[in-house]
Amino acid sequence: MRKILFIVEKEFKQIFRNVVLLRMMMIAPVMQLVLLSLAANFEVKNLKIAVVDQDHSTFSRRLVSKFQYIDNFKLTGFTPSYKLAEEQLLLDKVDIVLAIPAHFERDLYRDNRSGVQLMVNAIDGSKAGIASGYAATIIQDFNGDIRIENVPMRKGEVQQVDIVNQYWYNPRLEYRTFMVPGILFELLLLVGGLIAALNIVREKEMGTMEQLNVTPIQKHEFILGKLIPFVVIGLVQFTLGLIVAKFIFRVPMEGSLLLLYVFALLFLILCVGLGLLISTISDTMQQAMFVAFFMLVLFILLSGLFSPTENMPQWAQWLDTINPLKYIIEVARNTMLKGSTFADVRSHFFALLAIALAINGLAIWRYRKTV
Amino acid sequence: MKAVITNKLTKKFGDFIATNAITFEVEEGEIFGFLGANGAGKTTAMRMLCGLLTPSSGEAQVAGFDVYTQTEKIKQNIGYMSQKFSLYEDLTIRENIKFYGGIYGLRLADINDKTAGILEKLQLQNVADALTASLPLGWKQKLAFSVAMLHQPKVVFLDEPTGGVDPITRRQFWEMIYEAASRGTTIFVTTHYMDEAEYCNRVSIMVDGKIQALDTPKGLKETYRVDSMDGVFQILARGTSTK
Amino acid sequence: MKRFLAFVKKEFFHILRDRRTLLILFGLPFVQVLLFGFALSNEIKNANIAILDNDKSLHTQQITARLLSSGYFQVYQNLSSYKEIDQTFRKGVIKMVVVFPTQFSYDYEHGRTAQIQIIADASEQNTAISLTNYASAIIQSYTTSVAGSIAPMYIDVNTRMVFNPELKGAFVFVPGVMTLVLLLVSAMMTSVTIAREKEMGTMEVLFVSPLSQWQIILGKVIPYLALSFVNGCVILILGVFLLELPMNGNLLLLLLETLLFIFLALSIGVFISSLTDSQLVAMFASMVIMLLPTIFLSGFIFPIESMPKGLQVISNVIPAKYFIRIVKNIMIKGIGMKAVALDTLVLAAMALFFIGLSIRNLKTHLA
């Protein structure tokens, strides 16, 4: 047990001596948390819209003016023909084209129906879906307006349902409230996992590993001695991240802070253990870096940070049962935003505990003092 | 009790036989020279004795412990210094000594005493808190040897400890070896400096994984009728090359 | 020249010998393309919802049935009181609760405004919005079908999704993944390899060899150029044949642009390695400076127009932004040289900039 302390002391000295790395380890995640959280926004804003108005009627002008007063859209101008509009789409000058055909107003009065066309640049499909949804809502609004003006309605004749949407835990639908906890843990995994992955393999490359291997140090002492410093550093990073989340992004903290720290500790033990496992099975730092990178990318993509895990196919969900990032992001969102208690996230706790024990066990087992 | 006993100790890497059934014994307190050209199998043999490599076949005991089953016991009783300087360059001299002292389970008071002793002996008091990386190679090697001796091992293995070091420092280094041996530590040393071979009590010469000769330097020179160890080595090395 | 070729050959073998790294090098794009292609989707399917039906009437049952038959929702739980909503949300299993108040049917049938509450767990903000939108639309369709007539003065909206009528995700992520992998392989690998040689002290040995410094750097870089190019082609082939991405433009132009981008990535790698001789620092710098910003700021996943102004400015120095645009323009829109000329110029200028900086750094390093 005493020997572990000597390793911990030595690791800390080495970490603090590498000023460049230390600085990067402390500042980079915080900066990234700030920048990435600002950037991570699926909201669709500032859509450039061009109009092909072939009707030139009161209705068509009113419809266009509705688009002018909505924040999401920026009217770039009128285009005389479809052909020119299509060309603007092609050159990314506009994102969406609203085409109002000739006789639009006349048809509405005469036939009780008419149509408009939306052309949406759909290379980014999800963005296109949202954009066309916005536009359709505006057109429907307009439709409602003219209907009320022109068709007299008798009260009580139409059966109506009023749908009230409530968004709990994030009533203003802030992207950041939702992204920040996720990005915070993603960064912890990235930094903790990578630095740990490079640590043991670095000793191998430097030749100091061989010197350690002829000492009577025991495997678990060695792995624990390596684990503790990086977990401690991770906790410091986590604290910095929480401060940023709280004071810059105003992410609520509904649940118990202690509970969150317990989970962060468990998660860090897991990440660093994973890094150490990778380190013990690699021969060069480059190899370790790539193995680590490969796993981290997998974990991040499947974590639910970018797209909800429930929507994934069965095989991906199976894979996800061993994805620590998935569990911790769920826990973070649940405790921070909803105030979940330990009882609510108990299953996550045991899943993370099982993975952490398995990975660290493997790391100890795979660390060979003899070749 | 013998410090090292081997019997037909062999290590194969695939088809390649790095050490081929070597058999020898090393007495306690002896300075045992382990000679051979590069690639003759010296380092492999040494790594097996230190418990860094598992042998393919044969037997060996170090400090009375078996190399297959009791490697951790062996590690408690040996010191090792590899060809490559392997203390932490980004730790200071004092920190390196403290770390290895701790790993070998020395008490803090002992570590402090030993540190003071080493610093004084190597005259490194002024640079005790400088990074090891800043030391010249010769000093590094002397420091590495002192660290390998920290826990007063029964046997110490030195793998080409004086490679690339100037003659004066080499001399000083060998003085340290003699001193350790006089206190009862067995020294197992590889080298390819033939003048250093003369300093050993007994010398073995390995060629292509086998031990071709083993005797005192004096005995070897008489057997091969030459007046230097260099001569002995030339004959043995050339002997195999013409085969 | 002969010596140089021998050196390149040696570097090549060196890379090819490390099987594990190679496997990952080529496995990474495969896995990423597969994941993005088949696993990641923002489409809602069978989301777990709960129903709090205080009315228990024919209408509420029919609306519930309609919600379920849509395929978007499945009922995980039936609640009996308002208080339970918070408790179930905290467990994180259900995403939305539909609340029918008592008297819903009565209000509905007597011409009063009947209310339905849709409560979404907005801690997952995106999903919350989609779910409430779907649910609202379904409920609305129920009321129109009950009413049984079409509203007067109806405006039909005909939406045409240009360039990607089926709204395939592949159109976004294939260019993105390709960019990421090329950057990763080229810049990270070179910066770390060169830093490694410096750290191990083997670089000095090379510098005293008869090869010039630039030949050495080139020799280290050429194998990665080749590897990256092969990787890029693999991703393109997967994209076109497995994920049915169109190849509307000039293939040769696309390949040339790819080479230019790889060259830029390599020059960034050389630049990083000219700053440090620690593998750890080189690696960390590549990660921090390039990788995450590339994912987040290039427009690959998150639209640039929605970012704060400051970040939009920063996004202009992210090389990936330009390359992604070029790939989309050539492959999907099929527009030619003229349309991508400006972006190409920016990439070329960036490459020159980094090479210039590395030359300066290396020179001072030797002096």
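Modeller: Chain A of this predicted model has 14 helices and five strands; helices (H or I, at least four residues) and strands (E, at least two) are DSSP runs, numbered from the N terminus. Residues are numbered from 1 along each chain as its sequence is written, while chains are lettered from A and ligands numbered from 1 in the order in which they are written. Because the model is predicted, local features need pLDDT of at least 70 and side-chain atom pairs count only at pLDDT 80 or more, whereas totals for chains, interfaces and linings use all residues.

The C-alpha trace of chain A spans about 95 × 50 × 40 Å along its principal axes. Its radius of gyration is 28 Å, whereas a compact globule of 371 residues would have one near 21 Å; the radius is taken over C-alpha atoms, and the globule rule is 2.2 Å times the number of residues to the power 0.38. Of the 371 residues in chain A, 50% are buried, where buried requires 20 or more other C-beta atoms within 10 Å of a residue's own, exposed 12 or fewer, and partly exposed a count in between, with C-beta atoms placed from the backbone. Among contacts in chain A with a separation of 6 or more, 81% join residues 24 or more positions apart; two residues are in contact if their C-beta atoms, placed from the backbone, lie within 7 Å.

One backbone detail of chain A concerns H56(A), which is not a glycine but has a positive phi of about 50 degrees. In general, most residues other than glycine have a negative phi. H56(A) is found in the loop between β1 (47–53) and α3 (58–68) of chain A, and this residue is exposed because 12 other C-beta atoms lie within 10 Å.

Two pairs of chains are in contact, and chains A and C share the most contacts. Chain C contributes 92 residues to that contact and chain A contributes 93. On the side of chain C that touches chain A, at least two residues each come from α2 (19–39), α4 (83–91), β4 (114–121), α6 (125–147), β5 (154–162), α7 (170–200), α11 (279–297) and α13 (319–333) of chain C. The most come from α6(C), with eleven residues. By class this side has 54 nonpolar, 23 polar and 15 charged residues; Ala, Val, Leu, Ile, Met, Phe, Trp, Tyr, Cys and Pro count as nonpolar, Asp, Glu, Lys and Arg as charged, and the others, Gly among them, as polar.

Strands also link the two chains. Strand β5 (residues 161–168) of chain A runs parallel to β4(C), joined to it by eight bridges; strands pair if DSSP finds at least two bridges between them. Within this pairing, Y167(A) stands opposite A120(C) in β4(C).

The largest nonpolar core holds 283 residues, and I96(A), F267(A), M96(C) and V98(C) touch the most other members. Such a core is a set of buried Ala, Val, Leu, Ile, Met, Phe, Trp, Tyr and Cys residues joined through C-beta atoms within 7 Å. Its largest share, 19 residues, comes from α7(C). In α7(C), 30 of the 31 residues are buried. The 31 residues of this helix should span 45 Å at 1.5 Å a residue, and the end C-alpha atoms of α7(C) are 43 Å apart, which agrees; the expected span is 1.5 Å times one less than the number of residues. Just after α7(C), G201(C) takes a positive phi of about 80 degrees. Leaving out residues up to four places away in sequence, V98(C) touches I49(C), I51(C), L67(C), I116(C), I118(C) and A135(C).

The contact between chains A and B takes 18 residues from chain A and 23 from chain B. On the side of chain B that touches chain A, α2 (71–77), β6 (78–81) and α3 (93–103) of chain B each supply at least two residues, and the classes there are ten nonpolar, eight polar and five charged residues. Chain B does not touch chain C, their nearest C-alpha atoms being 12 Å apart.
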